[in-house]
Amino acid sequence: MLAVRDLAVRFGGVAALDGVSFAVRPGSITSVIGPNGAGKTTAFNAITGYLRPTGGRVTYDGAPLTGLRPAAIARRGVVRTFQRTSVFPSLSVADNVMIGLHLRGTAGLLAVLAGRRRLAGEESRLAADAAALIEFVGLGHRRRETASGLSYGEQRLVELAVALAARPRVLLLDEPGAGMSAAEKVGVSRLIRKIREQDVTVLLVEHDMRMVMGISDTVIVLNGGRVIAEGAPAEIQAHPDVIRAYLGTARGPA
Amino acid sequence: MTRIGRWLPALVALTLPLWLSTYHLHVAIMAGIFGVLALSLNLLLGYTGQLSLGHAAFFGIGAYTSALLTLRLEWSFWPALAAAMALAGAAGWFVGRLSLKLRGAYFVLVTISFAGVISLVSVNWIELTNGPLGLPGVPAPELGPWSLRTKSAYYYLVLAAVALCYAVCRRLVNSRIGRAFVALRENEPLAESVGVEVTHYLVVAAVVSAAMAGLGGSLYAHYTRFVSPEVFLFTYTVTMVIMVVAGGKGTLAGPLVGAVLFTVLPETLRAVASWQWQMLAYGLLLVLLLFFLPRGIVPQISAYIAGRPRSDPGARAPSP
């Protein structure tokens, strides 16, 4: 279980996170929502080691993640994606995913230089894994294309495949639907459900309320660096604090 | 097409001493030594994306180590060569550790400063290096009972070194280690998010690259038979950068193409023009090359070949 305790991040005098605590139930899809500047991405960065929190701690299955570098956190099975599209731009989709498979490879420097035969076997196994992941996100027809040449929505799928390649136990998705068409968002929602079915816990930051309410088991609402509500989507939608903080004013039926 | 493209250069390289004059063979040997250096620089610049502007330092460390060990301690060439590579590699490790968190301009500055310090040491530690006078009389290498003193023998030694470095680069690049290098170049935060310890791989690249440059330095020392602080000249580094960039950084063949072109070109110009015109023509050619082939010769030509309609659409284009 991924647990966040009293997590605090300050930038100078500004508290981006002001003592945030929550736990992500294994096997669930949990969403973090909140208005812009609520601290959602900051929380992601602090959990995954891209930002050193000024206070509090993050544990995964009881072991502390705070203070570890991103790569070490990834090795423990906690993998994130980025809010802004983030691929290896000049490489093909297949090569993007091959980099994602880094942790599944074992070849060290000496073995590589000696040209060990078993490495060829490992390489072809990795290539097969990459092909399967690319099929999984639905980019089979784009496998050989350069990532930077793909559409925005397709690049987000590449990103997803790269993250999945690292074999996450917990996958943190930072606005996976941003900039996607409605149809693409439906596809992503379906993918996220499929990912959960493979026993991967998903923690999601997303602005699209239809998507959040449609796929989440639990929704956590951040505002001003604090958790103001946590619960099932229906509870959150009815929660007066959330309506006040997040949606502004409560509106009657149109 | 690709098979011919692969075997023809190899065949030409193997038979070169049969149909070249001694002078041309000298040019070929220098091209080979620069080929080793360009391959070495390309590992850092082309694959990890970090520009080392102090690469002459690793070259010079290799040259001095090999020369001093054979002259002062009367080691034979081969262990001296290995020591040159080891010491240059250790220097690469040091620079890599120094610049763990430094990228881009800061990495460039660290490498330049390192080269500056090493160069000063070579000038001022006179007891060891003989200062600006340099070290004459570096012995020619021997292989068992044979001396590799002749140009054609030395040519094959250099050719073997080029082949070795090429094979090392090729194996690295086609492995998960090479992919980690490229991941650092392409998108460092993303690489870290999937568990690639980028700083570790930057150090690996620096060590291998520096050891290779040290190999080039040793070959240079035992070929010219003389080592002086000139081996640390910034010109050497710039030449390596030009070779890598013009040939095509981040490709396996690019540095070799660049090394041959930019060794042969100045020699050719020297034969046909006075020196002012040489430099002018050299500069002009470089500008034209970068203007028309900004990605380098090899990537642009392979893109051209891949872009043409082919009979076998399944064939894979050479990776850029």
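Helix 3 and helix 6 of chain A cross in a right-handed sense; a crossing is right-handed if the near helix is turned clockwise from the far one by less than a right angle, and left-handed if anticlockwise. The model is predicted, and local features need pLDDT of at least 70, side-chain atom pairs count only at pLDDT 80 or more, while totals for chains, interfaces and linings use all residues. Residues are numbered from 1 along each chain as its sequence is written, with chains lettered from A and ligands numbered from 1 in the order in which they are written.

**Exercise 1. Helix 3 and helix 6 of chain A**

Task: describe how the axes of helix 3 and helix 6 of chain A are arranged, and list the residues of the contact.

Solution. 
- Step 1. Helices (H or I, at least four residues) and strands (E, at least two) are DSSP runs, numbered from the N terminus.
- Step 2. Axes are lines fitted to C-alpha atoms, for helices over the stretch in contact, and angles run from 0 to 180 degrees between N-to-C directions.
- Step 3. Helix 3 of chain A is therefore roughly parallel to helix 6 of chain A. Angles under 35 degrees count as roughly parallel, over 145 as roughly antiparallel, 65 to 115 as roughly perpendicular and the rest as oblique.
- Step 4. A:Val93, A:Asn96, A:Val97, A:Ile99 and A:Gly100 of helix 3 of chain A meet A:Val158, A:Ala161, A:Val162, A:Ala163 and A:Ala165 of helix 6 of chain A. Two residues are in contact if their C-beta atoms, placed from the backbone, lie within 7 Å.
- Step 5. By class, this contact has eight nonpolar, two polar and no charged residues. Ala, Val, Leu, Ile, Met, Phe, Trp, Tyr, Cys and Pro count as nonpolar, Asp, Glu, Lys and Arg as charged, and the others, Gly among them, as polar.

**Exercise 2. Two helix pairs of chain B**

Task: what is the orientation of helix 7 of chain B to helix 10 of chain B, and of helix 12 to helix 13 of chain B?

Solution. 
- Step 1. Helix 7 and helix 10 (residues 198-224) of chain B pack at about 175°, their axes 11 Å apart, and are therefore roughly antiparallel.
- Step 2. Helix 7 of chain B brings residues including B:Tyr154 and B:Cys165 to this contact, and helix 10 of chain B brings residues including B:Met212 and B:Tyr223. The contact has ten nonpolar, no polar and no charged residues.
- Step 3. For helix 12 (residues 254-272) and helix 13 (residues 275-292) of chain B, the axes come within 9 Å and cross at roughly 140°. This pair is therefore oblique, and its crossing is right-handed.
- Step 4. B:Leu265, B:Pro266, B:Leu269 and B:Arg270 of helix 12 of chain B touch B:Gln278, B:Ala281, B:Tyr282 and B:Leu285 of helix 13 of chain B. Six of these residues are nonpolar, one is polar and one is charged.

**Exercise 3. The sheets of chain A**

Solution. 
- Step 1. Four strands form an open antiparallel sheet in the order 2-1-4-5. Two strands pair if DSSP finds at least two bridges between them.
- Step 2. Strand 2 (14-24) and strand 5 (63-64) of chain A are its edges; each has a single partner strand, so one side of each lacks a neighbour in the sheet. Two bridges join strand 5 of chain A to strand 4 (residues 55-60) of chain A, and A:Thr59 stands opposite A:Pro64.
- Step 3. The six-stranded sheet is open, with mixed pairing and the order 6-7-8-3-9-10. Its edges are strand 6 (78-80) and strand 10 (226-231) of chain A.
- Step 4. Strand 7 (residues 170-174) and strand 8 (residues 201-205) of chain A are parallel, with five bridges, and A:Leu171 faces A:Val202.
- Step 5. Helix 7 of chain A lies across strand 3, strand 7 and strand 8 of chain A, at about 150° to strand 8 of chain A.
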